[in-house]
Amino acid sequence: MSITLLLIHGFPQDHRIWDLNTDALGRYAKVLAPDLRGFGRHASRDTAVTMEAFAADLHALLHREGAERVVLCGLSMGGYIAMAFIERWPGSVDGLVLCNTRSTEDTAEGKIAREATAKDALEKGMGVIARGMLPKVLGAQTRRTRPELAARVESMMAEQDPGAVAAAARGMAMRPDRTGVLRTFRKPALVITGEEDALMPLPTSKAMVDALPNGSLHVLPKVGHLGNLESPQLFNQLVAGLLQQLQPG
Ligand code: MLT
């Protein structure tokens, strides 16, 4: 039975965030890199989309694709969704990759900031959000040495539908602490983060690895919040290693 690797993008992104991973990882698994509801080519009609709702969309997608052995790989908000998925369908996931994410809920201030982000997206537009987020999502080294990558990431964020961004921001504010869910996930798991990730400081990744019975931590040097894009070779090697472990030969 072959493995399906489901790549779940973060906020406010779309499937293009995986452009440097899909071909390389396609040698080890069938790779799905969908746009989440409202993102990419879609537009949103929701005022809030919970992580559970995104997870249910993905569960339906895996069912349509006939996926049998599944590895979830979630980046940041994608990680929140992956954790919501394993809480609801623990038996249908064979491996987990949590990238630049956290298992804890938002603080009270964080929840207020989400509503401000939602309002800004709707009232000021995505250009403002994308400009403000760029220095937070890329590491200092990447911003200094790879302006073309920075421009690509900024324009991808700016192209997202403001309604979808507002709905996802509100949905993230509603998510519970899922550290306890990780304690019950016994399959192999990787926690990958970036040395320069300002949005998800290292202790958040350490807490997830401590909770996971079969997890390992990998810190990518000189990269920020988007390790899969900033350091694709190392990232792909790590994920390929997990896929080979699950399906040797
Ligand atoms: C993401 O990259 O998906 C976001 O930074 C997650 C968040 O805002 O919590």
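In this predicted model, Lys222 is partly exposed, with a relative accessible area of 49%. Lys222 is found in the loop between β6 (215-220) and α11 (227-230). The phi angle of Lys222 is near 60°, a positive value in a residue other than glycine. Most residues other than glycine have a negative phi, and most peptide bonds are trans.

A positive phi is also found at Asn100, where the angle is about 45° although the residue is not a glycine. Asn100 belongs to the loop between β4 (95-99) and α4 (108-124). Its relative accessible area is 2%, and Asn100 is therefore buried, since buried means under 20%. A cis peptide bond links Phe11 to Pro12, with omega near -10°. Pro12 is placed in the loop that runs between β1 (3-8) and α1 (22-25).

The strands of the model form an open sheet of 6 strands with parallel pairing, in the order β2-β1-β3-β4-β5-β6. At the edges stand β2 (30-32) and β6, each of which pairs on one side only. From one strand to the next, the twist averages 15°.

Two strand pairs illustrate the arrangement. β1 pairs with β3 (residues 69-75) in the parallel sense over 6 bridges, and Leu6 has Leu72 in β3 as its bridge partner. β5 (residues 189-194) and β6 also pair in the parallel sense, over 6 bridges. In this second pair, Thr193 stands opposite Val219 in β6. In a regular strand the side chains alternate between the two faces of the sheet.

Another helix, α3, lies across β1, β3 and β4 and runs at about 145° to β3.

Contacts between helices were also examined. Two packed helices are described by the angle between their axes and the distance between the axes. The axes of α2 (residues 51-64) and α3 (residues 77-88) come within 8 Å and cross at roughly 70°. The two helices α2 and α3 are therefore roughly perpendicular to each other, because angles of 65 to 115 degrees are placed in that class. On the α2 side, the contact is made by Met51, Glu52, Phe54, Ala55, Ala56, Leu58, His59 and Leu62. On the α3 side, Met77, Tyr80, Ile81, Ala84, Phe85 and Arg88 take part. By class, this contact of α2 with α3 has 11 nonpolar, 1 polar and 2 charged residues.

A further helix pair is formed by α4 and α8 (residues 162-173), whose axes come within 8 Å and cross at roughly 175°. α4 and α8 are therefore roughly antiparallel to each other, as angles over 145 degrees count as such. From α4, the residues Lys111, Arg114, Glu115, Ala118, Ala121 and Leu122 meet residues of α8. Their counterparts in α8 are Pro162, Gly163, Val165, Ala166, Ala169, Arg170, Met172 and Ala173. The residues in the contact of α4 with α8 divide into 9 nonpolar, 1 polar and 4 charged. Gly163 is one of the α8 residues in this contact, and glycine counts as polar here.

Definitions and conventions: Residues are numbered from 1 along each chain as its sequence is written. This is a predicted model: local features need pLDDT of at least 70, side-chain atom pairs count only at pLDDT 80 or more; totals for chains, interfaces and linings use all residues. Side-chain values use heavy atoms; hydrogens and water are left out. Helices (H or I, at least four residues) and strands (E, at least two) are DSSP runs, numbered from the N terminus. Buried means under 20% relative accessible area, exposed over 50%, partly exposed in between (1.4 Å probe, protein chains only). Two strands pair if DSSP finds at least two bridges between them. Axes are lines fitted to C-alpha atoms, for helices over the stretch in contact, and angles run from 0 to 180 degrees between N-to-C directions. Angles under 35 degrees count as roughly parallel, over 145 as roughly antiparallel, 65 to 115 as roughly perpendicular and the rest as oblique. Contact means heavy atoms within 4.5 Å.
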